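Please read the points with the sequence and the 3D view side by side.

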Amino acid sequence: MASNRFRLGIIFNFNPKWTGGLIYILNVVKILNFLEDKDKPTVVVLFNPVLQKYADEIEYPYLEMVPHHFPSVYKGYLLSILKNRNLFVDDLVVSHKLDAVFPMHDYPVKSESKARLVSWYADLQHQYYPQFFSKFKIFERNARIKMILRNSKDLVVSSQAVKDDFLKFYKVPKSLKIQIYHFVSIIDNLPDLSADEIKAKYHLPDEYFMISNQFHKHKNHKVAFEAVAELKNKGVEVNIAVTGRFPDEPESEYLKELHDIVNANDLRTSISFLGLIPRGDQLLLMKYAKAIIQPSLFEGWSTVIEDAKSLQVPVIAANLNVNIEQLESTGTYFESHNAAQLAGILEQFPNRDYSKMLYEPYDLRMKKAAYEFLSVFK
């Protein structure tokens, strides 16, 4: 009976601009649809009302949607420390009779809750590229991580590479269990458009590569743009469709740098800036791309690569350890700053063979991931 099911609380309280975090949580809940019915938990999604439109996307048979106004980070930490009670979660566990909660970011104090409170952290990018963060942001990230390590019993990370980084940069107590969950991408609700129709909608040629990253400097679009410029100078035309939310600041130095490359090398017909488009359209464009390019200098576990794997699309990726962990022998790799090497790969990249299965079948990957995630709480 549903009333006897394990009750899993999912905290959905992210900055709406962090697309990766939003997709992660949506996929975490949706993946549970692939469990056998007897194993499906009751899922209680505790969501910030500003995320209502994303919460509405979740479909699951044993679902309780609960809007909740979480305390601000600074006020919540201060009051939790003063009261020696985790105000982000303790009352929610009691009022919703939760057996476990995920993902816990805020751990100002140890919780006396009997529920299993499982923390999550995406990556330790600030340790490798501190120049991409303000000093205050680095302080904030380190403080939050140290509180998780001090007060939590369980921490989930998305890759062996991230686990290794925690062990490298922090003193991890023996009482903390670090578990790896390789999240996957759910593909659903694709638009009912043909390949020709979706390409025409975004004015794309028949053959194109695709980059789907936010416009942060560490995402390293620059190397791909420089590769396209090198090829154009040789008389070789390749096209890249670029999706992602444009920076809020109107004078973004990074975006200006990219446009300077485009303008200096006359790449306006070679590189299409599509901006933030509906996810269904994005996935359909990915499905028909010649390959996905993931040039990022740092990732915890790439949502874009998981999208490509679910869609059976080839990936050309920077040779980061985490990318190699994620793609293994199926990926085509280049050195992160080597535009000439990437240009050679793009020039020689074979045409798509849509009959070829590059990765495990979709349903099998999803079911394995669902049970891997469930095992975190058992």
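The points below take up the strands, then a surface patch.

1. This is a predicted model, in which local features need pLDDT of at least 70, side-chain atom pairs count only at pLDDT 80 or more, and totals for chains, interfaces and linings use all residues. Residues are numbered from 1 along each chain as its sequence is written, and side-chain values use heavy atoms, with hydrogens and water left out.

2. Strand S2 (residues 42-47) is mostly covered, six of its six residues being buried, where buried means under 20% relative accessible area with a 1.4 Å probe and protein chains only. Strands are DSSP runs of E with at least two residues, and helices are runs of H or I with at least four, numbered from the N terminus. Thr42, Val44 and Leu46 point one way from S2, while Val43, Val45 and Phe47 point the other way. In a regular strand the side chains alternate between the two faces of the sheet.

3. S2 pairs in the parallel sense with strand S1 (residues 7-12) over six bridges, pairing being called when DSSP finds at least two bridges between two strands. Glycine 9 has valine 44 of S2 as its bridge partner. Five bridges join S2 to strand S3 (residues 63-67), also in parallel, and valine 45 stands opposite methionine 65 there.

4. Strand S10 (residues 271-275) is largely enclosed by the rest of the structure, because four of its five residues are buried. Strand S9 (residues 240-243) pairs with S10 in the parallel sense over four bridges, with alanine 241 opposite serine 272.

5. Helix H3 (73-83) and helix H6 (135-151) each supply at least two residues of a nonpolar patch, and phenylalanine 136 is found in H6.

Definitions and conventions. Buried < 20%, exposed > 50% of the residue type's maximum accessible area, 1.4 Å probe, protein only.
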